[in-house]
Amino acid sequence: MSTSRKQVILGAYLGGVNHHTAWWHPRAGSQIDFATFEHTARTAERGRFDFFFLAEGLILRERAGKIFDQDIIGRPDTFTVLASIAAVTEHLGLAGTINATFNEPYELARRFASLDHLSGGRAAWNVVTSFDAFTGQNFRRGGFLDPADRYVRAEETVNAVRALWDSWDAGDVVADRAAGRFLARPDAGAFSVHGSQFDISGRFTVPRSPQGRPVLLQAGVSPQGRDFAAANADAIFSPYGKLPEAVEFYRDIKSRAVAAGRAPGDIKILPSASFVLGDTEAEAVEKFRTISREQVTGQTAVILLEQIWNRDLSGYDPDGPVPDIDPDPEAPPFIQGRAFVHQDRFATAARLREVAAAKRLSLREVVIDQFERGPLVGTPAQVAAQIDAFVQQDGSDGFILGSHLAPWGLDEFVDQVVPLLQDRGVLRAEYAGTTLRDNLGLPQAHSAAAVATGS
């Protein structure tokens, strides 16, 4: 195996019922039965994936004050699912999306450290933030966090959680077998954190976990979000699945990490992607077109544009042109509970009109064309080549892969594409490390005390 070729990081994504999944398909499994989570995780581990990733919805989404009738149906508790998967896998990382706005540092630190112990060092936290009162109504009085405090709260939460994890060193617990007990140093677990968001002190109950610290994942597109991720995250989810913008994002995040005093390899860049395979390229392209049109119905296309326009667009024909009216960012949110990833509504609307005009696409067609998350389409050999080329050109360090058909869709990728990536020498044939940090090629996390003593 050539040491000059980057190894491809792979994560398996199970996102729930939305327009990315064919939840209506006769072969589709339940999105809440454990069998779905178990099969996806076991398949990912069989394919030597690095980790299994769960997104999270904290509230049922709404359109114009009414719950979506074609979207997400809810999600079991993330920690419960990941702990259950830990029992049926041996090497696969377990990554959960947990909101830093609506959870307290002590609870977060304890749950992730516990998961890391139970899984033998495989836990990862995808740090997300929120400020909207709609989601917050499930958690806090008034539901509101000032948008300006969004990353202040997130950074203080991450720092506080790390302080709790670091309150124990690896050698703090010693077994006194003669006395039949464990001994800990007098100040083990002691913490004190003070800031604008938290004023806490006490004793943390969970000893140092196998990874030192669970892996931190984050997604950020804005300059503030990029700075936060570059300074804190071990991996960041990239929204760019096409070159050259993916290369620009990759270089920007790596340079920000260096500016924050880190090495470029200390943070991994991972876009999400779907895949469609065929015996020939033409067959794969036709399958992709069929699946895309089934996923993005006319109603779905209009709803996705309503999030950008922040207007009721139900009067527009999905097979007609993109709306010529401007978005209304000052109006109350028309779509509630869906993460808004577009930085500029007016610029996004203008770009969609330009693409529609240039390619002669209808409203629905331009949504299919522009909203798909970096599709990998072709024969197994072509898809393997696409993944390899993208990573070697520094478009990313790997991919988070999701299938339109849960839980069986990932089997096709593992059976047909994974062996080709292994033949190329860019994907492990067997797990070499014992923790998620090992498998991702991340440095071991040390406590502040360990660093100070040079251990």
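Helices here are DSSP runs of H or I with at least four residues, strands are runs of E with at least two, and both are numbered from the N terminus. Hi everyone, with that settled, let's start with A64. A64 sits in the loop between β3 (62-63) and β4 (66-67). Its phi is positive, about 55 degrees, although A64 is not a glycine. With a relative accessibility of 43%, A64 counts as partly exposed; the scale calls a residue buried under 20% relative accessible area, exposed over 50% and partly exposed in between, using a 1.4 Å probe and protein chains only.

A quick word on the ground rules. This is a predicted model, where local features need pLDDT of at least 70 and side-chain atom pairs count only at pLDDT 80 or more, while totals for chains, interfaces and linings use all residues. Residues are numbered from 1 along each chain as its sequence is written, and side-chain values use heavy atoms, leaving out hydrogens and water.

You'll find R360 in the loop between α10 (345-359) and α11 (363-371), and at 76% relative accessibility R360 counts as exposed.

While we're on backbone details, let's do the cis peptide bonds. One runs from L243 to P244, with omega near 5 degrees, and P244 belongs to the loop between β12 and α7. Another runs from A406 to P407, with omega near 0 degrees; P407 is in the loop between β17 (398-401) and α13.

Now the overall picture. The chain has 16 helices and 17 strands. Its radius of gyration is 23 Å, close to the 23 Å from the globule rule for 455 residues, so the chain is as compact as a globular protein of that length. For that comparison, the radius is taken over C-alpha atoms, and the rule is 2.2 Å times the number of residues to the power 0.38. Along the principal axes, the C-alpha atoms fill a box of roughly 80 × 55 × 45 Å. Of the 455 residues, 52% count as buried.

Let's zoom in on α6, which spans residues 223-232. Which residues of α6 are buried? They are G225, R226, F228, A229, A230 and N232. These buried residues pack against β6 (123-128), α5, β11 (215-218), β12 and α7.

Take the α5 side of that. Two packed helices are described by the angle between their axes and the distance between the axes. Helix α5 (residues 150-165) packs with α6 at about 10 degrees, the axes being 11 Å apart. The axes are lines fitted to C-alpha atoms over the stretch in contact, with angles running from 0 to 180 degrees between N-to-C directions. α5 and α6 are therefore roughly parallel; that label covers angles under 35 degrees, with over 145 being roughly antiparallel, 65 to 115 roughly perpendicular and the rest oblique. On the α5 side, Y151, A154, E155, V158, N159 and R162 meet Q224, G225, F228 and N232 of α6, where contact means heavy atoms within 4.5 Å.

Next, salt bridges, meaning a side-chain nitrogen of Lys or Arg within 4 Å of a carboxyl oxygen of Asp or Glu. How many does a search of the whole structure find? It finds 22. One of them pairs R226 with D252, the closest N and O atoms being 2.8 Å apart. R226 is in α6 and D252 in α7 (residues 245-259), so the pair ties together parts 26 residues apart in sequence. R226 counts as buried, at 15% relative accessibility. Then there is R256 with D227, at 2.7 Å between the closest N and O atoms. Here R256 is in α7 and D227 in α6, 29 residues apart. Both are partly exposed: R256 has a relative accessible area of 21%, and D227 has 42%.

D234 and R437 form another salt bridge, 3.2 Å from N to O. D234 lies in the loop between α6 and β12 (235-238), and R437 in α15 (residues 436-440), 203 residues apart. Both D234 and R437 are buried.

Last stop is K268, in strand β13 (residues 268-273). Is K268 buried or exposed? At 13% relative accessibility, K268 counts as buried. Beyond neighbours within four places in sequence, its contacts include I9, D397 and our friend D234. Thanks, everyone!
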